[in-house]
Amino acid sequence: MSLMEIQNLTKEFTVRKSLTKGDIVKALDEVSLELREKELLGIVGASGSGKSTLARLMVLLYRPTSGKIIFNNEDVSHHKGQKLKMYRKNIQMVFQDPYASLDPFHNVEWHIKRPLLINHYKGNVSDRVQELLTQVKLDPPSQFLDKYPHQMSGGQRQRVYMARALATEPKVLIADEPVSMLDVSLRIEILELLLSLRENLGISIIYITHDLNTVSMITDRIYVLNKGKVVESGNTKQVIENPVDEYTRRLIKAAPDPYKKIEVD
Ligand code: ADP
């Protein structure tokens, strides 16, 4: 079943600095896509193809120039106030560099408690913090509660950031290049974590990357973005084995070992 639908989404920016000041940049051009329940969906494209703009639109950090974002059969594109707050609980985002997003002066416990307190969590907050840390496999949680961002590895920081995103029990997690700053072995761990979150929590995950290798390891379907347009979409294996678009073929050539899907144990 469809959980989210992006319909003909276009986003234009007006250049504010530099020689091209005043020019219009079309970062997304009539993009349509569907996210199904419990799906691991990949969005792949080279740098500048519009991936981050799409992610920011989906969490309504940006507003569309035209087009619609439908979530649970409701047009959320222009939600404000309380409706926006409710929507944002359902759709959370994790970024490439968790270090930049974590507060260096606060420990793990503070980071996870914060969204719970802001959202007036009704249950036992300490128990919930432990549960969230266990969900992201920071186990045992007691070993991590007092740690500060600089005392953890990149992979652990990414897990803390994910635990924080999961605090509002979202239905969708958008992971924007979550592994591109990690070394190879840690990458696999985070990809496995995404698979296990889908499996254990039943959430849908949108995995955004420029890297066809990692996208092929975990996603069910992909959309290929080029210059703000969807140039190809479909079952990940089929697209990689039988690409119809020239740009997709080039991305595949650039990925040394595409399609080795990993499974949850
Ligand atoms: P990606 O995430 O695939 O690297 P982006 O979504 O960041 O791509 O960018 C898509 C295009 O939109 C690029 O040409 C980029 O320069 C432009 N762009 C993105 N954000 C802005 C902005 N705030 N102002 C002007 N242009 C932007």
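How many bridges join strand E1 to E2, and in which sense do the two strands run? In this predicted model, nine bridges join strand E1 (residues 2–14) to E2, and the two strands run antiparallel.

**The four-stranded sheet**

The pairing of E1 with E2 belongs to an open sheet of four strands, ordered E2-E1-E4-E5, in which the pairing is antiparallel. Its edge strands are E2 and E5, each of which pairs on one side only. E1 also pairs with strand E4 (residues 66–71), in the antiparallel sense and over five bridges.

**The six-stranded sheet**

A second open sheet is formed by six strands in the order E6-E7-E8-E3-E9-E10, and here the pairing is mixed. Strand E6 (91–94) and strand E10 (229–235) stand at the edges, and because each has a single partner strand, one side of each is left without a neighbour in the sheet. On average, and with direction ignored, neighbouring strands of this sheet are turned by 15 degrees against each other. Within the sheet, strand E7 (residues 172–176) pairs with strand E8 (residues 204–209) in the parallel sense, over five bridges, and Val-172 stands opposite Ser-204 in E8.

| Strand pair | Sense | Bridges |
|---|---|---|
| E1 and E2 | antiparallel | nine |
| E1 and E4 | antiparallel | five |
| E7 and E8 | parallel | five |

Helix H1 (residues 51–58) packs on the six-stranded sheet, where it touches strand E3 (40–44), E6, E7, E8 and strand E9 (221–226), and its direction makes about 155 degrees with that of E7. H1 also lies across E1, E2 and E4, running at about 60 degrees to E2.

The residues around the ligand are Phe-13, Val-15, Val-25, Ala-27, Gly-45, Ser-47, Gly-48, Ser-49, Gly-50, Lys-51, Ser-52 and Thr-53. Strand E2 (24–36) and H1 are the elements that give two or more residues to this shell, and H1 gives the most, with three residues. By residue class, the shell around the ligand divides into four nonpolar, seven polar and one charged.

**Val-76 in its loop**

Val-76 has its place in the loop between strand E5 (74–75) and helix H2 (81–90). Leaving aside neighbours within four places in sequence, Val-76 is in contact with Ile-69, Phe-71 and Tyr-87. Although Val-76 and Tyr-87 are eleven residues apart along the chain, their C-alpha atoms are separated by 7.7 Å.

**The buried side of helix H5**

In helix H5 (residues 125–135), the buried residues are Val-129, Gln-130, Leu-132 and Leu-133. An α-helix has 3.6 residues a turn, so residues three or four places apart point the same way. What covers the buried residues of H5 includes helix H4 (108–118) and helix H6 (154–166). Just after H5, Lys-137 takes a positive phi of about 65 degrees.

Key:
Residues numbered from 1 in each chain as written. Predicted model: local features only at pLDDT ≥ 70, side-chain atom pairs only at ≥ 80, totals over all residues. Pairing = 2+ DSSP bridges. Axes fitted to C-alpha atoms, helices over the stretch in contact; angles between N-to-C directions. Contact = placed C-beta atoms within 7 Å. Near = placed C-beta within 6 Å. Nonpolar A, V, L, I, M, F, W, Y, C, P; charged D, E, K, R; others polar. Buried ≥ 20, exposed ≤ 12 C-beta atoms within 10 Å, placed from the backbone.
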